[in-house]
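Good morning, everyone, and thank you for making time for this.

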Amino acid sequence: MRAHVPSYQLTTPASLDQALALLSNEPGVWKAFAGGTDLMVLLEAGKLPHRNYINIWQLNELRGIEITDSHVTLGALTTYTEVQANAVLHREFPMLCQAASETGGLAIQNRGTLGGNVVNASPAADSPPALLAYDAEIELVSSSGSRWLPYDGFHTGYKEMNMRADELLARIRLPRTTSGLNHYYRKVGTRKAQAISKVCFAAVGRIENGRITDSRIVLGSVAPIVVRCKQTEDTLNGNQLDGEIARVAREKLMSEISPIDDVRSTANYRLRVATNLLTDFLVNARA
Ligand SMILES: Cc1cc2nc3c(=O)[nH]c(=O)nc-3n(C[C@H](O)[C@H](O)[C@H](O)COP(=O)(O)OP(=O)(O)OC[C@H]3O[C@@H](n4cnc5c(N)ncnc54)[C@H](O)[C@@H]3O)c2cc1C
């Protein structure tokens, strides 16, 4: 059933300060409305319980991609189209560009934002695995200031996160330390395009003298949150990359994730795909 639209309120502040003032004056009353690509689906389905939204789309303070010697910093309103158009991201963070190119269709890529993807907190979202594998940090702002925190640990449970009701996600920062890394990203869905992930796998690692180091392995759609598989990484890091360590790492991965059966797939299938993708990552890295 469609929602009763007049019972919703959408306000458009002129500046970030005005938006933050609204959030802090009436905590919990207002929520952000960015590209609306998640929110409008809920509205159309009559499943959007929250009523009051702040339109943040026009806030230039939350836009832009800034490149410094040490970091690439993306405004929360950066769209998938903007990610794909950036040469530095292509060169140094190819998994994020691949995730962007495999998210929805062109209309969604023009309107959907990285910030919305992060805060919507779906375990099946496609950019969080890449962001986690690249060790992203995020900036939360409120009228009392700004705080940076590692993206790893931000999601604490299904649709739960370390963000207060008076805060907005402002920026996402990626350290430019990817030189020499192998990057491996696979989204497995029912179709090649316009599909929700059954499993999403993002991994990086460095191979030096046959040894693997600096591996970061992240999976989506296999737990209530997108998960970084640190035990699997620890199993691999510092070891000669051979068939035996790949076997041990696969076993570790199986114990580290807890996929479920749902409408899109079965736990068994997800487990099998996740371990196959780990093998493929390691085979590619060795090659
Ligand atoms: C047809 C279709 C296909 C899709 N395909 C994919 C896909 O392949 N992969 C995928 O991952 N997703 C997909 N999505 C989901 C969606 O497009 C993404 O999650 C998108 O990135 C959401 O961004 P948005 O700006 O539209 O968020 P919105 O809908 O505006 O907001 C989503 C949530 O985030 C909050 N929010 C947004 N921005 C901020 C901020 N800066 N600070 C605090 N809170 C904020 C909002 O309050 C809301 O709770 C699809 C959606 C549709 C409709």
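**Aromatic pairs, cores and a pocket**

In this model, which is predicted, the count of aromatic pairs comes to six. One of them joins F33 and Y53, whose ring centres lie 6.2 Å apart with 75° between the planes, an edge-to-face arrangement. F33 sits in strand β2 and Y53 in strand β3, so this pair ties together parts that are 20 residues apart in sequence. F33 is buried, with a relative accessible area of 13%, and Y53 is buried as well, at 5%.

Another pair is made by Y184 and F281, and because their planes stand at 55°, with the centres 6.0 Å apart, this pair counts as tilted. Since Y184 belongs to strand β11 and F281 to helix α11, the parts tied together here are 97 residues apart in sequence. Both Y184 and F281 are buried, and together with F201 they form one aromatic cluster.

Let me turn to the nonpolar cores. The largest has 36 residues, and L89, L96 and L174 have the most contacts inside it. Helix α5, residues 94-101, supplies the largest share of this core, namely five residues. A second, separate core has 27 residues, including A203, I245, I257 and L277.

Finally, which strand gives the most to the lining of the second largest pocket? That is strand β11, residues 182-188, with four residues. The space in this pocket is about 170 Å³, and its lining divides into four nonpolar, three polar and five charged residues, among them Y185, R186 and K187.

Note on methods. Residues are numbered from 1 along each chain as its sequence is written. This is a predicted model: local features need pLDDT of at least 70, side-chain atom pairs count only at pLDDT 80 or more; totals for chains, interfaces and linings use all residues. Side-chain values use heavy atoms; hydrogens and water are left out. A nonpolar core is a set of buried Ala, Val, Leu, Ile, Met, Phe, Trp, Tyr and Cys residues joined through side-chain atoms within 4.5 Å. Buried means under 20% relative accessible area, exposed over 50%, partly exposed in between (1.4 Å probe, protein chains only). Helices (H or I, at least four residues) and strands (E, at least two) are DSSP runs, numbered from the N terminus. On a 1 Å grid over the protein atoms alone, a cavity is a set of points where a 1.4 Å probe fits but cannot get out, and a pocket is an open set with protein on both sides within 12 Å along at least five of seven lines; lining residues have an atom within 4 Å of a point. Grid points are joined across faces, edges and corners, and a volume is the space filled by probe spheres set on the points. Ala, Val, Leu, Ile, Met, Phe, Trp, Tyr, Cys and Pro count as nonpolar, Asp, Glu, Lys and Arg as charged, and the others, Gly among them, as polar. Rings of Phe, Tyr and Trp (its six-membered ring) pair if their centres lie within 6.5 Å; planes under 30 degrees apart count as stacked, over 60 as edge-to-face and the rest as tilted.
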